Each structure stands twice: as C-alpha cells, then as structure tokens.
Amino acid sequence: MKTLTRRQFGLAAAAFAGAAASPLAQAAGYPERDITFINPWSPGGSTDAIVRQYAKQMEKVLGGSIVVQNLTGASGTLGVGTVVRARPDGYTIGYAGNGTLVYQPMVMKGLAWSRPDDLQPIAKLNSMPTLLAVRGDSPVRTWTDFVAQLRSRPGQVRVGVAGLRTSADLEMQQVNMAAHLRMRIVPFTGGSGESVLALLGGRVEAMAGYTDGLRGHVDAGAMRIVAVFQKGRYEPFPDASPVGDQPDFTSATLLPACNYVIGPRGMPPDVLDRLVTGSRQVVTSEEFKAFAQRGGLVLDPMAPDEVRSELLRVAGTYERLIRFLHPDKA
Amino acid sequence: MDAFDGLLHGFAIALTAQNLVAAFLGALAGTLVGVLPGLGPLGGIALILPITYSFDPTTGLIAMAGIFYGAMYGGSTTAILINVPGEAASAITCLDGYQLTRRGRAGAALTIVAAGSFVGGTVAVLGIMWLSPAVSRAALLFGPPEYFAMLLGGLLIFSRVSGGTLAAGLFPMAVGLLLATVGQEAVTGEQRFIFGINELSPGFTLVAVVIGLFAVAEMMHLVATREQQVAPVSVRLADMMPTREEWRRSVAPMLRGTLVGFVMGALPGPPSAMSSFASYRLEQAVARHRRELGTGAIEGVAGPETANNAAATATLIPLLAMGIPFGAITALMLSSLMIHGITPGPLLMRNYPDLFWGLVASMYIGNVMLVILNVPLVGVWVSLLRVPQYIFLPMIVLLTVIGAYSVNNSMLDVWLLPLIGCVGYVLNKLGFRLAPMVIGLVLGPLVEKHLREALILSGGDLGTFWSSPVAVATWAVVAVVLCLGFLLRPREVAADD
C-alpha cells in the first residue's frame with residue numbers, strides 16, 4: 001500500500017510540476033493551495049473529458065493545481081450541492097449542467113439551491129445539441145421523413161434515450177409537446193450505450209443522443225444522423241436537418257445540454273474575477289477550440305450574468321414541460 | 001491486416017521501453033489494488049486517469065488495462081487468506097478458498113489462482129483477436145427481454161450456489177433482493193426507502209455489503225468461538241506448490257471457467273461477478289469431486305478465478321469492437337481515448353491499428369509479468385497468516401473500514417459494515433448461506449430494469465419475453481438447469497448434511 005501511494009504521489013507531482021513551472025504562473029495571492037473541482041458525474045464519458053480539459057488549461061492560467069473530484073449521485077445534485085454549500089473562498093468550484101441546475105430543483109425537495117441566484121456562475125463551457133439518429137439502412141433520411149413516419153404510426157415509433165428526464169429525454173418530450181407528435185420515448189437506464197445497441201439491434205426505430213457517442217457508428221455507416229436540434233447547420237453532421245429552422249419550432253423549444261462552471265455564492269470579488277477571466281481565457285483559447293471541434297461541442301462563452309439569464313430562460317421552458325408531462329401536478 | 005500480422009505489429013509497439021514500463025506498472029498497481037479490499041480496479045484506474053492524459057493514448061490504455069486484469073489476479077488473495085472478498089466477483093472464492101487456508105493449503109490455492117488467471121487472461125486475449133467482430137454481432141441479438149430471461153434464470157440457479165437446503169439459499173437471496181430496492185429506481189429515478197438520507201440514493205454499496213457479510217461476520221465468528229483462524233502455516237517452497245493431484249483437478253475447471261468467463265464478459269448485460277458465480281455453479285454440476293465443493297475443493301477456486309479473469313479481458317470486446325462501454329471501468333478507458341480525440345466506434349480497429357494491436361500484444365506480456373510477479377508474492381501473503389490473532393484481527397478490521405470508505409468516500413458505508421456484519425453473523429448461525437444474498441443484491445436491480453425496459457419497448461405486451469429465438473433458448477436452458485438441479489439434489493443433500 002505504501003509503495004502505491006508513494007508512487008502515485010510521485011507521478012502526480014511530476015504531472016503537476018509541468019503546470020507549476022509554466023511561464024504563465026503568477027505570484028498573486030490566489031490560489032495559495034489546491035483548488036478542488038467537483039464533477040458531479042462519474043469518471044469517463046463526455047463530461048469527464050470536458051472537465052479534465054478545462055482543469056488542465058485552467059491550472060496553467062491560474063498557476064496552481066486543480067484536483068478534480070468525481071462526486072456522483074442523485075442525478076448530479078450531490079456534487080452540485082457540495083459546491084453550493086462549500087465555503088466561498090474560491091477553493092471549491094465545480095461543474096454543472098442545465099438539467100441539474102434548473103430541472104432537478106423543480107422535481108427534488110431539500111436541495112441547497114432552488115434558483116440561479118442561489119449560486120455563483122463562473123463560465124459557460126459549451127453546449128451540445130441533441131441529435132436524432134436512425135439505423136444506416138433506414139429509409140428515413142430527413143426530419144420531414146421522420147415526422148411523416150410519426151404521423152402515419154402515432155405512438156408506434158420508438159425513440160431510445162439515455163434515461164428518463166435526461167437532457168435527451170427532455171428534448172424529445174419537448175418536441176412531442178411543441179409539434180403535437182407522439183413518439184414513444186424509451187428511457188434506457190444504462191447510459192447512451194444501451195440505446196445505441198437497441199438501435200443497432202433494431203429494437204427502437206431511432207435514438208436521441210450526442211456527437212461523442214454517435215460519431216463512431218455514423219462513420220462506420222451503421223447509423224445516420226437525421227436531425228440536429230438547433231438553429232443552423234451543425235458542422236460535424238452537415239447533412240442533418242436543423243430542427244430549429246423548421247416552421248413548427250422556435251428556438252425557445254430547443255434544449256441543448258449546456259455545461260457551466262459554478263461556485264458558491266459570496267466569493268471575494270478579486271477571486272471571482274480571477275476565476276471568471278481565467279475561464280474565459282481557457283474557453284476562448286485555440287487549444288480549447290480544437291478540443292471542442294473534435295468532440296462536436298458548440299462553444300458559446302458567456303459572462304456570469306448572461307449564464308444567469310440563460311438559466312432563467314431554460315427554467316421557463318422546463319416549467320411548461322413539467323406541466324405538459326404531469327398535468328395533474330401543476 | 002490479418003490477426004497474425006496485426007499481432008506482430010502489436011508486439012513491435014508493446015515492446016518499446018515506454019509501453020513495457022506502462023504494462024508492468026499497471027499490472028503491479030492492479031495487483032496491489034486488487035489485494036486491498038474495497039479499493040478495486042475502478043478506484044485504481046480513476047487515480048491514474050489524469051496521468052494517462054499526458055502520455056500517448058496507447059500507453060495510457062495499456063497501463064489501464066494492466067490495472068484491470070492485474071486486479072483480477074490480486075482480488076482473490078484476501079478472499080482465500082482471510083475470507084475477505086476484495087470485490088463481489090471474489091465472494092464465491094471465499095467458500096472453498098478460505099477452507100483450503102484453514103487446512104494449510106493457502107499457498108497452493110494462491111498458486112492455482114495465479115495459474116488460472118494466466119490461462120483465463122491469455123485465452124481471452126486470443127478471443128479478442130479473432131472473435132471481436134463476430135461476438136459484437138452476437139451481442140446485438142440480446143436485448144432487454146433476452147437479458148431478463150438470462151438474469152432471472154441466474155437468480156434462481158445461483159440461489160443454490162452454496163448448497164444447503166432450498167430455504168437456506170432462497171431466503172438470503174430474497175433479503176438481497178429487498179436490499180437492492182433501496183435507492184434511486186433506475187427507470188423513473190424515483191427514490192425508494194431512503195428515508196431522507198440522500199447518501200442512500202445510489203443504493204447500498206455492494207462492496208460494503210460484501211465485506212460486511214463475509215469479513216466482519218467471519219471475524220465475529222472467530223472471536224466468538226475463540227478459534228485459531230488457520231492451521232499452523234509454514235512457508236516452505238514445497239507447501240507453496242500445489243500437489244500433482246491439485247494441478248490435475250484444476251485443469252478442467254480452468255478451461256470451463258475460461259469459456260464461461262469469456263461469454264459472460266463479452267455480453268454487455270451481465271456483470272462480471274456473474275461469471276465467477278456461473279463457473280462455480282458449473283463445477284457443482286459437472287466436476288468429478290463436486291461433493292467436496294464448499295469444504296475446500298481446489299475446483300471451487302480454480303474455476304471462478306479463471307472465469308473472472310477471462311471476463312475482465314472479454315469486457316474489452318464491446319469497447320474495442322463497438323466503442324460502447326458497459327461498465328464503469330471500460331467507460332474510464334473510453335474517456336481517456338476521447339480526450340486524445342479518438343472517437344471510439346466500430347472503426348477503431350481499422351483506424352487505430354497501433355492502439356488495438358498494441359493493447360492486445362501488451363496483454364500477453366502483462367499476463368506473463370503477472371505470473372512472474374504473483375508466484376513469489378504468494379509466500380509473502382501466506383506469511384501474513386503467522387501474525388498472532390490479537391494483532392491480525394484488528395488489522396483486518398482497519399483494512400475493511402478503509403476499504404469500505406474508499407469506494408464512495410462515504411461514512412455511511414463504514415457504518416454499514418458492523419450492521420451488515422451482524423446480519424451475516426446471525427444468518428450464518430441460523431444455517432443460512434450468504435453468497436445468494438450477494439447474488440440478490442447484484443442481480444436484483446438488473447432483473448427489474450430489463451423487465452421494465454422490455455415492457456416499455458413492447459408497449460406492455462408480455463409476449464415479448466418469448467418472442468425471439470434467443471429468449472426462448474435462454475428460458476429453455478434455465479428450465480433444464482433448474483430441473484437437473486432438482487433431479488440431482490437428493491444425492492448431493494445426502495453428501496451435504
């Protein structure tokens with residue numbers, strides 16, 4: 001056990017030494033010790049890759065170490081709650097998506113936050129538009145084809161998503177609501193991998209997911225991306241119909257998965273300023289842009305206030321959606 | 001590139017100094033995290049993940065795979081020596097492994113495990129080389145209805161895994177199923193039976209329950225009976241080596257274990273713990289000395305430990321052939337590839353031949369390293385048993401507490417240990433078997449999830465459970481195994497009681 005920890009420590013120290021020695025390191029007071037960055041999702045998957053990339057670059061910008069801690073559970077609310085309740089000294093910050101920040105407080109009781117004002121947004125990292133995929137041999141080629149299929153077989157067309165009330169599920173429910181469609185949304189519980197298998201195995205007619213999990217199958221010809229739920233062309237899949245440009249859909253009905261960096265409310269202004277400007281520097285860097293392009297992430301840098309108003313806007317959409325899904329509870 | 005060319009190419013990559021070091025360090029770290037109860041390959045890989053980002057992706061993947069299969073070598077050590085399973089997959093190894101230790105055959109058992117792990121690991125690598133595409137096509141035939149049939153069958157079949165009367169197995173299994181309902185329900189996300197304790201939301205932590213059930217309960221038993229835990233141990237080389245008879249009896253279980261482990265590992269549904277249980281059950285049915293199982297039969301160690309190694313290696317198939325991770329560990333590996341901009345998918349093998357064949361070749365090398373590493377270590381582990389009991393027991397208590405805490409960094413899991421330990425102690429006193437409880441806890445949520453997914457897919461039509469040939473075949477296999485179990489029962493019970 002001793003050998004293990006000592007070696008790990010050595011390796012970790014070696015990895016961090018590079019960051020500390022960088023010319024960008026500044027002597028300013030903050031940060032004086034390691035910053036804990038809480039990722040409310042498990043290691044692995046697209047979230048973790050984004051977080052690690054951000055942390056890696058942010059270490060160079062701030063000239064200190066950032067320790068990423070995966071604190072998972074309760075749909076991301078355990079990790080986000082820990083950040084919100086942390087001492088506001090700038091040494092505990094974290095990652096959060098719009099689902100955890102806005103949707104969960106509407107359906108879960110006893111969380112440490114209920115409105116965007118209860119926490120401090122630091123930056124918007126990226127957004128990912130939802131994609132609709134069908135099997136490579138499917139006759140459905142465009143969004144219009146898909147809607148025609150839905151209308152001819154109401155309630156029969158199955159669309160797999162990575163779990164009930166995940167971003168992809170909410171997006172699909174939203175589409176059902178906005179366009180009066182009746183697709184049967186099947187929540188798989190084992191993450192998007194299970195819906196990929198179900199689509200390839202012909203158990204569902206389509207699935208909603210994101211670039212990282214789908215691109216490999218599209219490249220292999222096993223899948224085709226029919227639609228992208230955003231306005232305008234989506235570079236990674238230029239042939240996909242942009243649903244946001246369809247007459248029935250306004251931008252208000254689109255719910256991309258958005259990722260933010262947040263901290264507890266009440267951080268000292270100079271610390272907050274370092275974090276906000278540093279994050280902006282990271283998100284607008286060429287390195288981060290290249291990383292985003294590889295993963296099909298859409299960059300949309302935002303200041304804290306802009307993040308707040310975006311969250312409030314999303315809250316309105318979710319409220320309408322909850323009324324649609326649970327008319328009895330409203 | 002055909003398999004042979006590919007392998008040669010792979011060795012050229014794996015034999016560079018950097019990749020050799022990565023394979024060795026991975027295997028070593030894997031053995032250590034495997035030996036420590038609680039800390040498993042997942043924790044080990046998560047720790048080194050940030051470090052792998054700064055190496056090239058092949059090197060990182062080689063190190064992570066090394067930890068993964070290295071942990072399978074080490075995982076059974078504490079199960080055999082002190083009845084503390086390092087993870088759920090080793091729970092079944094406790095049954096015979098610990099009995100062997102009490103008879104003074106700990107060294108032999110550990111050597112057999114190292115050999116079995118080598119066989120399971122290397123044969124499964126052959127499978128990855130030649131069968132990946134075919135296996136991943138076959139996996140598409142399995143969907144929720146088929147997995148439901150398979151897992152429900154597993155639940156029934158494995159409830160009798162540790163012998164005894166029908167009730168001795170079924171009752172603890174039902175308790176395990178009940179425990180499994182605690183926490184966030186998988187399909188709707190509804191919280192069940194958590195009584196406002198948010199930490200319970202992910203459910204009872206499997207490792208804490210398994211350690212409590214086996215290790216803590218066993219320690220209570222040792223203290224209560226004032227029994228010396230093992231026969232006096234000597235660490236002479238002659239006692240480390242299995243006898244010719246033990247080797248002979250291990251060969252067939254190892255081969256059967258490899259097959260069972262490979263199939264279970266390559267299918268994206270069943271958890272790897274199921275492979276060692278399945279192998280043990282198979283030995284109970286077909287091994288020539290099956291009546292000795294449970295009292296310290298070498299087959300009960302050789303089969304399951306080979307199976308879980310083969311399964312660990314085979315779980316890389318869905319990842320490498322389809323780019324789909326089906327466990328937390330393969331998800332971590334995927335994440336390290338993605339940060340290097342490698343999009344996993346069916347084309348991985350063609351687009352990144354260096355990565356694929358380098359990894360495959362490194363697994364041969366890693367397995368050889370592990371045998372060389374583990375056989376001399378056997379003596380070290382066994383000599384631990386000579387520590388007097390008044391020092392030994394507190395040491396193990398400390399180890400289990402650290403192990404339980406380290407899984408989720410949660411104190412709740414630590415409090416769970418004495419609680420579950422008491423449950424295990426009482427159940428044991430009353431003649432119930434504990435392994436079926438683990439099975440209930442592992443498979444319960446999966447059975448429920450596949451049942452509900454299947455019904456959502458079919459729109460509530462129950463016919464879906466026998467609508468495909470694969471599902472019907474699975475039910476038939478389950479029925480045959482169950483009937484055979486009952487037909488063979490009278491003789492076994494006679495031997496049992």
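Tutor: Two residues are in contact if their C-beta atoms, placed from the backbone, lie within 7 Å. This is a predicted model, where local features need pLDDT of at least 70 and side-chain atom pairs count only at pLDDT 80 or more, while totals for chains, interfaces and linings use all residues. Residues are numbered from 1 along each chain as its sequence is written, and chains are lettered from A and ligands numbered from 1 in the order in which they are written.

Student: Why is B:Phe356 called buried?

Tutor: A residue is buried if 20 or more other C-beta atoms lie within 10 Å of its own, exposed if 12 or fewer, and partly exposed in between. B:Phe356 has 25 other C-beta atoms within 10 Å, so B:Phe356 is buried. B:Phe356 sits in helix 18 (residues 353-383) of chain B and touches B:Leu320, B:Leu348 and B:Met349, leaving aside residues up to four places away in sequence. The C-alpha atoms of B:Phe356 and B:Leu320 are 7.5 Å apart, although 36 residues separate the two along the chain.

Student: Is A:His180 buried or exposed, and how do you know?

Tutor: A:His180 has 10 other C-beta atoms within 10 Å, so A:His180 is exposed. A:His180 lies in the loop between helix 6 (167-179) and strand 7 of chain A, and its phi is near 55 degrees, a positive value in a residue other than glycine.

Student: And which label does B:Asn83 get, buried or exposed?

Tutor: With 24 other C-beta atoms within 10 Å, B:Asn83 is buried. B:Asn83 also has a positive phi, about 65 degrees, although it is not a glycine. Its place is the loop between helix 5 (77-82) and helix 6 (91-102) of chain B.

Student: Why is helix 8 of chain A described as largely enclosed?

Tutor: Of its 9 residues, 8 are buried, so helix 8 of chain A is largely enclosed by the rest of the structure. The buried ones include A:Leu214 and A:Val218. A:Gly221 follows this helix, with a positive phi near 80 degrees.

Student: What makes strand 7 and strand 10 (241-242) of chain A edge strands?

Tutor: In chain A, 6 strands form an open sheet with mixed pairing, in the order 7-6-8-5-9-10. Strand 7 and strand 10 each have a single partner strand, so one side of each is left without a neighbour in the sheet.

Student: How do you know that strand 5 (residues 131-135) and strand 9 (residues 223-228) of chain A pair?

Tutor: Two strands pair if DSSP finds at least two bridges between them. Strand 5 and strand 9 of chain A are joined by 5 bridges and run antiparallel; A:Val228 in strand 9 is the bridge partner of A:Leu131.

Conventions:
Helices (H or I, at least four residues) and strands (E, at least two) are DSSP runs, numbered from the N terminus.
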